[in-house]
Every structure is written in structure tokens, then in C-alpha cells.
Amino acid sequence: MSALPRAPSPKAATERDAMPDDQLMLAYAQGDGAAFDVLYARHEGGLFRFVKRLLGARLAAQADEVFQDTWLRIISARDSFSPQGAAWRTWAFTIAHNLAMDRLRVSGREVALDAHPDEGDDAVPTLDRGVRGAALDAAAHPSAEELAFWRAAGRRLLACLDELPAEQRAAFLLHHEDGLTVEALAASLGIGFETVRSRLRYGLQKLRGCMERYLSVLEQRA
């Protein structure tokens, strides 16, 4: 009678939990299935939120399928992953981006983008000093009124994101949610640096206009 497979030791599990994403992917490519489990647990939530927000409310029902397709692509490409290229997280989010954009194109929702040239060399503005950043300055025990404000602001931000053209929304999410630099965005998406800056700039301008009511309240509080 063959011996039952042994569960990994607590020490091995702890070591995997401490491994960087790139090393986990390489270990998985060499047959360590537990390394993939750690990767999946680590990034499941972030990837799903990214896919769902990128698809928007109208295609939200397809988020599960795109999310699953993303992991299937990751699995099938395990032998080709190279830590000398993009970081694993950037690589994985780019796969999710491409699959979601394919769905958006098929749906006919994609529109002409970047119709205006980039203006000036100023740094790309962010909303971190607005809705997102100001939340960090809230009291440790906010009042019911403050909680209601932040919940309403969060719902409004999601609605504003859904109104952005798909590629501007993708640039915003990859830059602000996943933390990709403009240079990394340009490299991973295969587009020009100035094109990325343009998408971020005009996307953020639209978000600021859409969030004006909440941002004005925050400015009054400052």
C-alpha cells in the first residue's frame, strides 16, 4: 500500500509565506503546488477588485469569468515567467488588464481616447490628497456623520470610475490601486510614456470633476 502524501511542515509553510512573489512563481513552475496556493491567497482579493472595477457595472457579471481566466493564464504561463522581466504582480495584473480590455472591446464599450495632446511637464496629479488621502486623517473613532460621509464618498468614487473611458480607468487603477509607476505602466502595456501620462491626466481630471462635491467638503475641512 502506498504511503499517503505528507502535509508540508509548519516550517516549510512559514518559509513560503515569507517568500517574494517571484520566488513563489519559480517554485510553482518547478512543481511546488503549495507555492501557488500562497500566491493565490496573497493576490486573490486585489486581482478580483481590479478586474471588477475595470469591467465596470455593466460587465460586472463577467468579473468572475475574467478573474478565473487570469489565473488560468498565469498557470499556463508558469514556465515562461522570468523574474528578470516585470515583477510578478505587475505581470499578473497586466494579464488581467489585457483579458478585461478584450471583454470591453467585444462589448463595444471602448471609445476613442487621448484626443487631446498632453499639456506641460507637471507631475501627474493624484486623488491621494482628496478622498483617499484624507481618509487617513480621520479620527480614530469617527462619528456616525463622518462614517456616512466616507461611505457615500466611496460609492461615488466607484460610480465615477465606471464613467471613465476603459483605458483611462485601467491606467488609474494600475497606477493608484496597484502602485505601478508611469514607466512601468508604459512598459507593461506596450504604449508610450506620454500616452500613459495623458490617460492618467485626463482620467484624473474627470474624476476630480465627478468628485467635486466631496473634494470641496474636504478642502473646507483642511
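This note goes through a predicted model of one protein chain, point by point.

1. Basis. The model is predicted, and local features need pLDDT of at least 70, side-chain atom pairs count only at pLDDT 80 or more, and totals for chains, interfaces and linings use all residues. Residues are numbered from 1 along each chain as its sequence is written, and side-chain values use heavy atoms, with hydrogens and water left out.

2. Confidence overall. The pLDDT (the predictor's confidence in each residue, from 0 to 100) has a mean of 77 over the protein chain. A value of 70 or more is reached by 77% of the residues. Helix α4 (residues 63-76) has the highest confidence, at a mean of 94, and helix α6 (residues 128-135) the lowest, at 44.

3. Residues 1-7 have a pLDDT below 50 and, beyond near neighbours in sequence, 0 contacts in the model; a contact means heavy atoms within 4.5 Å. Over residues 109-140 the pLDDT also stays under 50, but here the model has 68 contacts beyond four places in sequence. Where pLDDT is low, the predicted coordinates should not be read in detail.

4. Elements. The protein chain has 11 helices and 0 strands. Both are DSSP runs numbered from the N terminus, with H or I over at least four residues for helices and E over at least two for strands.

5. Chain totals. The protein chain has 222 residues, of which 41% count as buried. Buried means under 20% relative accessible area, exposed over 50%, and partly exposed in between (1.4 Å probe, protein chains only). Of the contacts between residues at least 6 apart in sequence, 70% join residues at least 24 apart.

6. Helices α2 and α3. Two packed helices are described by the angle between their axes and the distance between the axes. For helix α2 (residues 21-29) and helix α3 (residues 33-55) the angle is about 140° and the axes are 7 Å apart. Axes are lines fitted to C-alpha atoms, for helices over the stretch in contact, and angles run from 0 to 180 degrees between N-to-C directions. The α2 and α3 crossing is left-handed, that is, the near helix is turned anticlockwise from the far one by less than a right angle, with clockwise giving right-handed. On the α2 side the contact includes Leu24, Met25 and Tyr28; among the α3 residues are Phe36, Leu39 and Arg42. The contact residues divide into 8 nonpolar, 2 polar and 2 charged. Here Ala, Val, Leu, Ile, Met, Phe, Trp, Tyr, Cys and Pro count as nonpolar, Asp, Glu, Lys and Arg as charged, and the others, Gly among them, as polar.

7. Helices α8 and α9. The axes of helix α8 (residues 166-177) and helix α9 (residues 182-189) come within 10 Å and cross at roughly 130°. The two are therefore oblique to each other; angles under 35 degrees count as roughly parallel, over 145 as roughly antiparallel, 65 to 115 as roughly perpendicular and the rest as oblique. The crossing is right-handed. Ala171, Leu174 and His175 of α8 meet Val182, Leu185 and Leu189 of α9. By class, the residues of this contact are 5 nonpolar, 1 polar and no charged.

8. Ala186. This residue lies in helix α9 and is buried, at a relative accessible area of 11%. Not counting residues up to four places away in sequence, Ala186 touches Ile191, Gly192, Phe193 and Val196. Arg197 is 11 residues from Ala186 along the chain, and their C-alpha atoms are separated by 9.1 Å.

9. Tyr202. Helix α10 (residues 193-210) holds Tyr202, which is buried with a relative accessible area of 11%. Tyr202 and Leu164 are 38 residues apart in sequence and 9.5 Å apart in space, C-alpha to C-alpha.
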